[in-house]
Amino acid sequence: DLNATCTNSDGSFECACNEGWEGDGFDCTEVLPYWELVDTLTVDWSTNWYPDTVVVYEDTIVWGRSQADGNNARLYQWDPSDNTYMEIAGGTQDLCACGYTEAVALLGDELYLFGNTGQYIDLSNLALGWQSAFIPSERRVGEAGAIGFEGRVYTFGGRGPLDTTQSYSGGAAGTWMDHADVPYLVDYGRA
């Protein structure tokens, strides 16, 4: 087998599969990576709630979910080391932009959610609760991807004419910037 290494000896030889391959040395099969269940977390996902996004913050996992109408968002934090989770923020935000996801990005300690409106929460100071982030209607970014990078939240895509690349400087009174030089691949499969 081409994926084995053979060693000659007086009157004989021995073959063994190379690293990443298994078998008897004559017939080797690639060892494929697989998912391993590490832990489980039981959460009441009622039928009218949709999971939205997941981000890693320090040693925890933070995820959001919203109701089918997109008007009731909740944020949860899970610590996999002891399998505990708690709701860290809730309330009524119109984040939907008529899809079931928002553009979500972590920028330092601040988690931004953009849809029809903009919200952010400082994960290092949850007592402050949700804060408004400026988003004019022409910049609604529901169903977009987002990432925090070098002090700005970049959004990619959106619905209809809003499927662009843009960025937000952060905070309550941040500024928006277009990035026409960054192409966005439109999903032509969507009607």
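1. C6 is partly exposed, with a relative accessible area of 46%, whereas its disulfide partner C15 is buried at 14%. For the cut-offs, buried means under 20% relative accessible area, exposed over 50%, and partly exposed in between, using a 1.4 Å probe and protein chains only. The sulfur atoms of C6 and C15 sit 1.9 Å from each other, and the link is right-handed, with 105 degrees about the S-S bond.

2. Before going on, keep in mind that this is a predicted model: local features need pLDDT of at least 70, side-chain atom pairs count only at pLDDT 80 or more, and totals for chains, interfaces and linings use all residues. Residues are numbered from 1 along each chain as its sequence is written, and side-chain values use heavy atoms, leaving out hydrogens and water.

3. How many disulfides are there by this rule? The count is 2, where a disulfide is a pair of cysteine sulfur atoms within 2.5 Å. The other link joins C17 and C28, with sulfur atoms 2.2 Å apart; it is left-handed, at -90 degrees about the S-S bond. This pair links distant parts of the chain, 11 residues apart: C17 lies in strand β2 (residues 12-17) and C28 in strand β4 (residues 28-30). C28 counts as buried at 8% relative accessibility. Numbered in sequence order, the bonded cysteines pair 1-2, 3-4.

4. On secondary structure, the chain has 0 helices and 16 strands. Those are DSSP runs numbered from the N terminus, with helices being H or I of at least four residues and strands E of at least two. Four of the strands make an open antiparallel sheet in the order β13-β14-β15-β16; two strands pair if DSSP finds at least two bridges between them. β13 (144-149) and β16 (176-178) are the edges, each with a single partner strand, so one side of each has no neighbour in the sheet. β13 is joined to β14 (residues 152-157) by 6 bridges, and G145 stands opposite F156 in β14.

5. Have a look at Q166, in strand β15 (residues 164-168). Is Q166 buried or exposed? Q166 is buried, with a relative accessible area of 3%. Leaving aside neighbours within four places in sequence, its contacts (heavy atoms within 4.5 Å) include V153, Y154, T155, W176 and M177.

6. Finally, the whole chain: buried residues make up 38% of its 191 residues.
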